Amino acid sequence: MRKTAWKSPALLFLTAVVWGVAFVAQSVGMDYVGPFTFNCVRCLIGAAVLVPCIWFLDRWKQRQDGVQNGALNHRSVNASGKMTEERSETRRMLLTGGICCGLALFVASNLQQIGIQYTTVGKAGFITALYIVMVPVFGIFLKKRAGIRVWISVALAVAGLYLLCITDRLALGKGDILVLLCAVVFAIHILIVDHFSAKTDGVRMSCIQFLVCGLLSGVGMLLTEHPEISLILQAWQPILYAGVFSCGVGYTLQIIGQKGTDPTVASLILSLESVVSVLAGWLLLGQRLSVRELGGCALMFAAILLAQMPERKAEK
């Protein structure tokens, strides 16, 4: 039971690691291409990467189902109609979830990518991670109330993010407002994933959301930017990382990891991407962590551990 209970948090933590390192790729990629171009190419790459994964998983599932149900095929004629209806409903739910996730991802990712141009990376990281506060607030309207322990975890996480990212006086400018709107939409995206992840195939829904986000970003690219193949090729490294790992791996792990996980707790774990980004800068770029930043890391990890502690069962 304990191994099963920690499976989802582990996947979400891996997602945070991938996303934290991806901040470097996003920053470098913007030196060559515009925000819509960057998101268009990386999302289409993410969708393409998942196609062979879907094929492999389908083959494996068919082989498993064939072994288990091969002896029962002669008794399944009467249930064929019901199975057809269930498959049709599953496809409808999958398409709806993928499109909704793709729309939310399109708005959030492009607001973030545009906003980073007009604000500091520290402020952008802090404001984006405010979805950890917005998720439980939005959850109240969806009858997903969080306990006092989770709210304490949220407070600790926000305090940790502040120590990590805010080094100057907090003042909301144009870029800050765009990133704040991005945090709102990312909170909505987490709740959408929470709603559909238990009802559909996570890998398929992830592929659909990238296709939707990539196509919509492509429209924005053609309307507002002047993409050049040569510049895209110059930025192949950050785009490839963002497409394969941040999109193909990260968002898929998010959808799978959120199954059976409270959305507020999931948002807390995912917010560790800000901690990972700071640690990645320290390890890969030689940037030292100050005492203030180390204190922020400690508060963030304390928030995650507190949120993951088992609830005491009320005695009758």
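Figure 1. F301 is placed in helix 13, residues 291-308; helices here are DSSP runs (H or I, at least four residues), numbered from the N terminus. The model is predicted, so local features need pLDDT of at least 70 and side-chain atom pairs count only at pLDDT 80 or more, whereas totals for chains, interfaces and linings use all residues. Residues are numbered from 1 along each chain as its sequence is written, and side-chain values use heavy atoms, with hydrogens and water left out. F301 counts as partly exposed because its relative accessibility is 36%, a class between buried (under 20% relative accessible area) and exposed (over 50%), with a 1.4 Å probe and protein chains only. Together with F13 and L14, F301 forms a nonpolar patch on the surface, with about 260 Å² of accessible area in total. Members of such a patch have over 30% relative accessible area and no salt bridge, and nonpolar side chains (Val, Leu, Ile, Met, Phe, Trp, Tyr) are joined within 5 Å. A salt bridge is a side-chain nitrogen of Lys or Arg within 4 Å of a carboxyl oxygen of Asp or Glu.

**Figure 2. Close-up of L11.** L11 is found in helix 1. With a relative accessibility of 17%, L11 counts as buried. The C-alpha atoms of L11 and I256 are separated by 7.7 Å, although these residues lie 245 residues apart along the chain.

Figure 3. A cavity is a set of points on a 1 Å grid over the protein atoms alone where a 1.4 Å probe fits but cannot get out; lining residues have an atom within 4 Å of a point. One cavity of 30 Å³ or more is counted, and the largest cavity holds about 190 Å³ of space. Its lining has 17 residues, with W19, Q112, F186, Y251 and E273 closest to the centre. Helix 1 (2-29), helix 3 (80-115), helix 7 (174-196) and helix 10 (236-257) each supply at least two lining residues, and helix 1 gives the most, four.

**Figure 4. Close-up of the largest pocket.** A pocket is an open set of grid points with protein on both sides within 12 Å along at least five of seven lines. The largest pocket has a volume of about 880 Å³. Its lining consists of 20 residues, and D58, K61, T90, D201 and R204 lie nearest its centre. Helix 2 (35-69), helix 3 and helix 8 (202-224) give two or more residues each to this lining, the largest share being the seven from helix 2.

Notes. Patches are made of residues with over 30% relative accessible area and no salt bridge: like charges are joined within 9 Å, nonpolar side chains (Val, Leu, Ile, Met, Phe, Trp, Tyr) within 5 Å. Accessible areas come from the Shrake-Rupley method with a 1.4 Å probe; for residues, only the protein chains shown count as cover. Grid points are joined across faces, edges and corners, and a volume is the space filled by probe spheres set on the points.
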